[in-house]
Structures are given as C-alpha cells and as structure tokens.
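Colleague: Before I rely on the labels attached to this model, I would like to go through them with you and hear what stands behind each one.

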Amino acid sequence: MNVIELAWWQLALAALLVIALAACTFLARLGVGKSLLIAATRTAIQLTLVGLVLEALFSVGSLHWVALMGIGMLLLAGREVVARQKYTLRGGWSFGIGTLSMFISAFAVTVLTLVAVISPSPWYTPQYAIPLLGMLLGNTMTGVALSLDRLTESAQRSRAVIENRLMLGETAQQALSEFRRDAMRAGLTPIINAMAAAGIVSLPGMMTGQILAGTAPALAVKYQILIMFTIAAGTGFGTFVAVAVCARRLFDGRERLRLDRLRGSS
Amino acid sequence: MATLALKNLAIGDLKNIDLHVKPGEIVCLSGTSGSGKSRLLRAIADLDLHTGNVQLGDTHQNDVPGNRWRSAVMLVPAESAWWHDTVGEHFSERVDETLQQLGLEADAFSWPVARLSSGEKQRLALARALSRKPAALLLDEPTANLDKDSTERVERWLLDIIRQQQLPTLWVAHHEDQIARVADRHFHIVDSGIEQQELTQ
C-alpha cells in the first residue's frame, strides 16, 4: 500500500486553521492566543528536529547511538515527572524516584518487549525501539507523576491523621496505608480508563497513525493491544516503585513523618 | 513498672529538660500557649527531631523501633484526627464497662464516630489509647472539651488506671483546680525550661 506523500504546503493549510483559531481567541479576548501559537510553533520545530534525529539514527542503527538516545529520553522523562508536582522531595529525591520509576515502567518494559515479543533483528532496531520507548515514556509518565503528586499532597494535608496513627503505635507504612492505596489508584486510573474505552469511545493515536500510514487495520490493532498492555504493566510497576520509595522517604529511621523533606513548588 | 526519665532534652525553645516521672506518678505541666508543652510531649513520643535522652526504665528511645516506643509511651493528643467508622472498631474486645465509666451510653459500642460530640470523641480517644496497654502516658489536655461533670468522671477513671497500672504520666493541664486534684508534682514552663510549682491542696 502506498502512503500519500504530505508536502509542506499541505501542512501550512493545517497551520492556517491554528492561526485562525488564535485570531478568534484574540478577538474574543480569551488570552490564550499567544500560548497557543507558541505551542504550535514548538510542536512544528520539535517534531521536525526529532524527525531529522530519527532519520539519522535509522541510517546508523548502532546499539550505542540507540542507547544514548534512549537514556537521554529517560532523563528528560524523569525531569518531566517532577516538573508539575505540588510538593517535591528535597535533595533531588523526586527526580531520582521519577527517573528510577520511568526506568522500570518504560525502559525495562521496552527492552523486554523488544527481546521477548516483537524480536526484530537486531533487537535494538531503532525503527521499533525508539517509538516504543517514546510511547511508553510518554504514557507511563502520567501515572507515575499523578501517584507521586497524590501521595505527597495527602501526606502534607493529612499530617494529623498519619501522626495520630503513629501515636497509637502503628508503623509508618500502616499509618500511610490508605494514602498509598489512593496514590496507586490515582496513578493507574487513566490507563484503566483508556483500556476500557479503547475502540469504543476513542481510536488510539498509534493505531490511527499506522492505519493512515497504510498498515492493515488487523495488524495495527495487534500493535495497539501490545502497546496498551505494556503501558498498563509499565504504569503499574513504575507507580508501585515510585509510591514505595517516596513513602519510605517521607519517614525517617525512627518512623517519624518528615514533612520537612518536602518542598512546596512556588 | 518503669520510670520515665528525660535527661538534657531539647526541642524548639526548650533546653536542658531533666525530669523523672515515677511509676504511678502524675506530673502536671502547664505553660502559656506556644510555650512548647505539646512539642515536649511530641519529643518524648519521638514524633519530632530532638536532642537529649529519653528512657523508660532501662530502655532508651533509640533501643526499639519508633512504633514500639510509641505503643509503650502513649501520647493522646488534645484532638484526635484519625477514627474508624464506628466506636466498636477501635477495640479488639467489648469495652462496655470502660465506656460506661467514661459516661458514654452502653450501646455506644455500635455508634458511628461521626455522631459523637467533640467531648465524646475525646473520651473515646482516651479509651482507645488505654486499651492498647501502654507503659507510660502523655496526656495533652485530656479534658479540654469536657463539661464539669464529665471532667471529674474522666479524671477519676484516669487516676484509677494510672495508680492501678503504675503508669508514669505527664499531664498537660490549664486549670489550677484540675492540677490541684490530680497532680503529684507540678511544673510550669518558664523561658526555655521547666520550674517546679507549689501544690495547692
């Protein structure tokens, strides 16, 4: 099957739609026109650059370049996890926890999927490895970030409850148990909803993209199911690790609640 | 039967606090608000960072895990924030007698906690804490939300248990007449330390 070639002037037509929208919001004084245009420009520039990088990477195809790209993506994802948290752990712990969780939720799961499931030859073939890693990073990031945000915020807000339980002789993890459960649920709800609604409410983006690019729907569907499962597993394990390490860090060796280790974002 | 001993304890503005509370003894602690009474109790329960030495009998605070220390040296805060749904869920066995002694009705065991008044909740918090069989007590204004009748009833109940189980007890209190009724010794927080006061009989 042939894919219809997209020319730059055709993209410019789509850009006109965004510009028209920006003009409308400007006329209606909604105050989002500027950030809309900036975001649209960023999308165009960032994706074009990534396209160039990917073209280069695909033509080289060596393991160390693929690994370097993967690690770069991982560190950026670790930073993104922390970026919009209401409270973060001091001393770089939040970044550490974010990166560790993303390593488990996306990096490890990607390698596993490449080696055990898709098995391209060689296993690190960038055409499979990079998009897969990107999908997993982007999607599991939300779950990990949501769970961390929920956990630190409930610790901050429910200090009296947690300390009351400590006073009665409970261990730190007992005292925090209900908030750990809440945090896990917050992290996993989006992917559970996405899996439940897939195909009924929405056509997932990757599948749609593959079909547009000429893949037979039946095959695109298989890839989409694979992706959904790996995202769910990755989000689950990543969230689990993030919540466990963060919960531990909220208490010290004497099982005191240490809210002084949290810093509120300004 | 162990003595609760503070040596050179420092937390916040308070420095060099030395105090021995003997088994079954009630030491009342008073001070203006913000003087650090509650923080002192929190330090003894090992809920906040502090320096100095706290021990119960031969056991130092750091000899046992935090949760074991706190189940022995039980702090009952002025207001409890954590509750199960019903009164009964706080106890591992029926405690009708205890509830009655505290002036709660006999069928209170099945009541939802949300239905209790603040004074009833305070009594429930005390009953819950004592049902865990602590070896020492830290009471932060245990009768603050109670009327006169309930106050005296709760005082009698606490005195009975403290004497009978020989619990060393630090009791933060505001009212002179309560201190006169329950205290074996009385200390007042002055500047950064504690100063012993005459007991009025």
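Modeller: This is a predicted model, and from the N terminus on, the elements of chain A run α-α-α-β-α-α-α-α-α-α-β. That order corresponds to 9 helices and 2 strands in the secondary structure of chain A, whose C-alpha trace spans about 70 × 55 × 35 Å along its principal axes. Of the 266 residues in chain A, 30% are buried, and of the contacts between residues at least 6 apart in sequence, 74% join residues at least 24 apart.

Colleague: How do you know that helix H2 of chain A has a span close to the one expected?

Modeller: Helix H2, residues 33-60 of chain A, has 28 residues, and at 1.5 Å a residue the expected span is 40 Å, while the distance from its first C-alpha to its last is 41 Å, so the two values are close. Gly61(A), with a positive phi near 70 degrees, follows H2(A).

Colleague: What makes H2(A) "hardly covered"?

Modeller: A residue is called buried if 20 or more other C-beta atoms lie within 10 Å of its own, and among the 28 residues of H2(A) the count of buried residues is 0.

Colleague: What is the span of helix H5 of chain A, and where does H5(A) bend?

Modeller: Helix H5, residues 126-157 of chain A, has 32 residues and reaches 45 Å from first to last C-alpha, close to the expected 46 Å. The bend, of about 30 degrees, is at Thr140(A), and the value is the angle between axes fitted to the seven residues ending there and the seven starting there.

Colleague: Why is Leu168(A) called buried?

Modeller: Leu168(A) has 24 other C-beta atoms within 10 Å, and the label asks for 20 or more, so Leu168(A) counts as buried. Leu168(A) lies in the loop between helix H6 (159-167) and helix H7 (172-197) of chain A, and, leaving out residues up to four places away in sequence, Leu168(A) touches Ala129(B) and Arg132(B).

Colleague: Turning to chain B, why do you describe strand E3 as largely enclosed?

Modeller: Strand E3 covers residues 26-30 of chain B, and 5 of its 5 residues are buried, so the rest of the structure largely encloses the strand. Both faces of E3(B) are covered, with Ile26(B), Cys28(B) and Ser30(B) buried on one side and Val27(B) and Leu29(B) buried on the other. In a regular strand, side chains alternate between the two faces of the sheet.

Colleague: Which strands does E3(B) pair with, and in which sense?

Modeller: Two strands pair if at least two bridges are found between them; E3(B) has 4 bridges to strand E8 (residues 169-172) of chain B, in the parallel sense, and 4 bridges to strand E9 (residues 185-190) of chain B, also parallel. Leu29(B) has Val172(B) as its bridge partner in E8(B), and Ser30(B) stands opposite His188(B) in E9(B). E9(B) in turn is joined by 5 bridges to strand E10 (residues 193-197) of chain B, running antiparallel, and the two form a hairpin with 2 residues between them.

Colleague: What makes E2 and E5 of chain B edge strands?

Modeller: The order of the open, antiparallel sheet of 4 strands is E2-E1-E4-E5 in chain B. Strand E2 (14-21) and strand E5 (59-60) each have a single partner strand, so one side of each is left without a neighbour in the sheet. Helix H1 (residues 37-44) of chain B packs on this sheet and touches E1, E2 and E4 of chain B, its direction making about 120 degrees with that of E1(B).

Conventions
Residues numbered from 1 in each chain as written. Chains lettered and ligands numbered in written order. Predicted model: local features only at pLDDT ≥ 70, side-chain atom pairs only at ≥ 80, totals over all residues. Buried ≥ 20, exposed ≤ 12 C-beta atoms within 10 Å, placed from the backbone. Contact = placed C-beta atoms within 7 Å. Axes fitted to C-alpha atoms, helices over the stretch in contact; angles between N-to-C directions.
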